[in-house]
Amino acid sequence: MIIPAMAERDCIAAYLTDDILDILFTYLNLEDFKNCALVCRNWYRYFQQENSLPWRVQCGKILPEGTSAGILCSLKTCKSKVRAYAHAWNANDCSKNIFVKPDGFTLHRNPVAQSTDAIRAKNGFNHGRHIWEVKWGSPLGTVAVVGVATKDASLQCNGYVPLIGNNEYSWGWNLVENNLMHKGKLCGSYPLLPNAPKYEVDEKIRVILDCERGTLAFEKNHEFLGVAFKNLPRNKRLYPAVSAVYGNSEIIMIYLGEPYDG
């Protein structure tokens, strides 16, 4: 068999129509998509169509059957839903008192007394800009923290403490007390608003991580609350994380991708 030169292969690939690519790429695994997108400009363009047939097929294969449309209502395309699942809670990186529900996006904390429990997402970041959505579907209890953590941060401790933010490896916003925590110390009040209201169950929090500037910020119900942390480390991967103490706490996290300016 004669293998065509790179330029010729690029030329052939460039003239394949979307109908043909639909058929070809539905047989691929998700891991192959990135490599195929690098073959030529035509294939790269094709994979930017976020509701194309291969993305719809992958969405059907990857998303758990227990995932409801309501959980992913912030996401409008099949590609974004597949990406969100790839960045969801990590069932193998959490306290023993936490499990991830069948939908793949909701954690459940068992009612264990005198314990604070945390979880990290599947993927962390050390470059780029990222945004994800967090929502408590249960009361907060005496301590409830949302933020980021490295792989070195502890995910369980005795007592009721703001575990995310309780050491040098994590940074968190305690929703109950409206303050920021890092290295076990208070880093100021938050949000940066006069008479800031407390978090209410089912309100959506958006966490905005800018690895290029080393900052972490939050939105609540689409209102920007200000930069919470600066000078985050750039040589460590930072993972979406939360910690909770309330029995039967349920917390949803949806990765949204890169934030839109403005």
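Trainee: What should I know before I start?
Mentor: This is a predicted model, where local features need pLDDT of at least 70, side-chain atom pairs count only at pLDDT 80 or more, and totals for chains, interfaces and linings use all residues. Residues are numbered from 1 along each chain as its sequence is written, and side-chain values use heavy atoms, leaving out hydrogens and water.

Trainee: Okay, what order do the seven strands of the open sheet have?
Mentor: The order is 2-3-15-5-11-12-13, with antiparallel pairing. Strands here are DSSP runs of E, at least two residues, numbered from the N terminus, and two of them pair if DSSP finds at least two bridges between them.

Trainee: And which are the edge strands?
Mentor: Strand 2 (98–100) and strand 13 (223–229), as each pairs on one side only. From one strand to the next, the twist averages 25°, with axes being lines fitted to C-alpha atoms and angles running from 0 to 180 degrees between N-to-C directions.

Trainee: How many bridges join strand 2 to strand 3?
Mentor: Three, and strand 3 covers residues 106–109. Val100 stands opposite Leu107 there.

Trainee: Where's the nearest cysteine sulfur to Cys40, then?
Mentor: In Cys36, 9.7 Å away. Cys40 is also buried, with a relative accessible area of 11%; buried means under 20%, exposed over 50%, and partly exposed in between, using a 1.4 Å probe and protein chains only.

Trainee: What does the Arg120 side chain reach?
Mentor: The backbone oxygen of Ala153, at 2.9 Å. A polar contact of 2.8 Å also joins the side chains of Arg120 and Asp93. A polar contact is a pair of N or O atoms within 3.5 Å; within protein, one must be able to donate a hydrogen and the other to accept it, and residues adjacent in sequence count only if both atoms are side-chain atoms.

Trainee: How far apart are Arg120 and Asn90?
Mentor: They're 30 residues apart in sequence and 6.1 Å apart in space, C-alpha to C-alpha.

Terms used
Helices (H or I, at least four residues) and strands (E, at least two) are DSSP runs, numbered from the N terminus. A disulfide is a pair of cysteine sulfur atoms within 2.5 Å.
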